[in-house]
Structure formats: structure tokens, C-alpha cells
Amino acid sequence: MVTSAVELGVGMYNNVYRLTLAGQPQPVILRAAPPESRQFRSEHQLMRNEYASQPWLAVIAPLMPQVLAADWSHEVIARDWMIQTHLEGVPAPEHLGTYPRTAWPTFFRQMGAVTRSVHDVRGPHFGPVGGPGHGTWSEAVITSLEEIAADLDGAGLDAADVRKVAAVAAHDRALLDEVTEPRLLTGDLWTVNALMDPAAPEPMITGVLDFDRTWFGDPAADWTIRMATAKEDERTAFWDSYGAPDRSPAAMWRARVYEARHLGAIRLERHRLAKADAVRDSYGAMAEVLAGLT
């Protein structure tokens, strides 16, 4: 029997609740996906994708919540839902700042090690872990860009710049197809999805969350890599444990395509969150990326 249910305000996509159960010493976490009518094409059935990812994420299982139950039948509620174990820890955005900045590199080295272990996992296809799968990396990237463009159309937003990126990617697909081995991508891992030990004398990651956007593809396309390269600050320690990034001309061209894909997804998220100014800002950022591609 559920004795209390508290909605946690940390879910930017799913609704997340902490449930206390009668006779159980530890709470559990209930996550409910948005109704399918509210899901973008590019974000379709993300919870099912996360569920399919669990066996592939075994390399970091000690840091992840365990899935206790999952239901796609829509018989209880008209939404996909999942119950997971509750992880102890404090969200990194709340706790990292309690340490002196000289200690922050320790956190980012741990992030690099976690990401490296995930990226070392080889997959059977390109694209979302739960499918649909693609035979080449270019097919997966171009399909993703086209889906984002279709979602922007459906939201009443201009998608011309995303379609231009898709056209450039299609024209130069040989550069994308230099990536021949699908690797597991975290999809969304960064500080907001990490938990820390509140009592540790130095920053310590105790948990990582929300792997609903996992992919198989080029590790350089991962959100984690995007964030690790975003600034020249303490996060550069990420590369100490992850390994040096590829700076070849082909890799830098691919990175611009990946940045365009991230910006398109960010535009959709900002629209969903009703951040009109941020949506407008995304067009300027995309124009800069396009200028480097064409």
C-alpha cells in the first residue's frame, strides 16, 4: 500500500514521484511518460528505449536504479510507467558547488570514467537502442534530423535550418559513414543526471539517472561529449579519464552536424517548456553551425 506520494520537480520529460510503501524502509520512484499524443516523433516511447537499454548499461549497473516494474499496457493508466529503486544522494547541481572549485576536476574525472565505460560497449545497429535500427551511421543521423524537423513543423516552428543540415549530411554522408562501429551513447548524461555523496570529503558520484535517450553510434555525438567540450574550465578533467578527443578535420565536421542535432532537440525542449526567448536564440546558434558546414 502506498502511504505517501510526492512529485519530484526534477523530471523535464517524465512525471516523477517518490512513493513510500507501508512496511517498506526505502521509498521507490515512479516515473510516468507523457501521453503518446504529447510525445514528439523524435522522442517517441523514450521510456521503452530506456528499458531496452538496461542490459547494455550493465557496465555501470552499480550506479543506476534497478527497474522493479514496467507497464506498457495502458490498462492502469493511459501512459507508459516504470517503478525503480530510490538512489541515495544529492543532485550534482545542488552539491558540487559546496566544494572549492579546485576540487571540481575530481567530479569531472569520474564523469569521464563513467562515460568511457558506456562508450566502450559495442551495439548491433545504429540508432536508438530500442530501435528502429539502421545499417549505417549516416542513415541514423539523417533520420534523426528529419524527425526533429517534422516535430518543429508540428509545433509551428521554422525547421528550414534543420533541413539544411540534413541535406548537407546527406550530401557528405561518406564522412559520417567513416564511423563503422556502433557504440553505446548515454544520450543525456551530465551533471543534472548525476547524484553525489553529501558527506564525502571530495566530490563523489554515487548515482546516474535517466537513460531514456540512449543510442548506438559515434561516441562524439553523445550529449555528454557536447557538454564536456562546451567550456574550458574544470570540466577539461573529463578527458583525463575518458581519453583525448579526435580533432581530425572529419571529426570536427561531424561534430558540427552533431551540434546541429543537439540544437534542434534543444529547440523542441525549450518550446515544450514555453521558453520563447530561448527558442528564438536557437536560430542564431544554428546559423553559426550551418556557416561552418557549408
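Which residue in S5 is the bridge partner of Val 28? In this predicted model, that partner is Thr 85.

## The sheet

The pairing of Val 28 with Thr 85 belongs to a set of five bridges that join strand S3, residues 28–32, to strand S5, residues 81–85, with the two strands running antiparallel. Both strands sit within an open sheet of five strands, whose order is S1-S2-S3-S5-S4 and whose pairing is antiparallel. At the edges are strand S1 (2–8) and strand S4 (67–71), each of which pairs on one side only, and from one strand to the next the twist averages 20°.

## A helix across the sheet

Helix H1, which spans residues 46–53, lies across S3, S4 and S5, and its direction makes an angle of about 45° with S5.

## The cavity

When the whole structure is searched, one cavity of 30 Å³ or more is found, and the volume of the largest cavity is about 30 Å³. Its lining is made up of Trp 137, Val 141, Trp 215, Ala 221, Tyr 258, Arg 261 and His 262.

Two helices, H4 (137–154) and H9 (249–272), each supply at least two residues of the lining of the largest cavity, and the largest share, three residues, comes from H9.

Note on methods. Residues numbered from 1 in each chain as written. Predicted model: local features only at pLDDT ≥ 70, side-chain atom pairs only at ≥ 80, totals over all residues. Heavy atoms only, no water. Pairing = 2+ DSSP bridges. Helix = DSSP H or I, 4+ residues; strand = E, 2+ residues; numbered from the N terminus. Axes fitted to C-alpha atoms, helices over the stretch in contact; angles between N-to-C directions. Contact = heavy atoms within 4.5 Å. 1 Å grid on protein atoms, 1.4 Å probe; cavity = no way out; pocket = protein on both sides within 12 Å on 5 of 7 lines; lining within 4 Å. Points joined across faces, edges and corners; volume = space filled by probe spheres on them.
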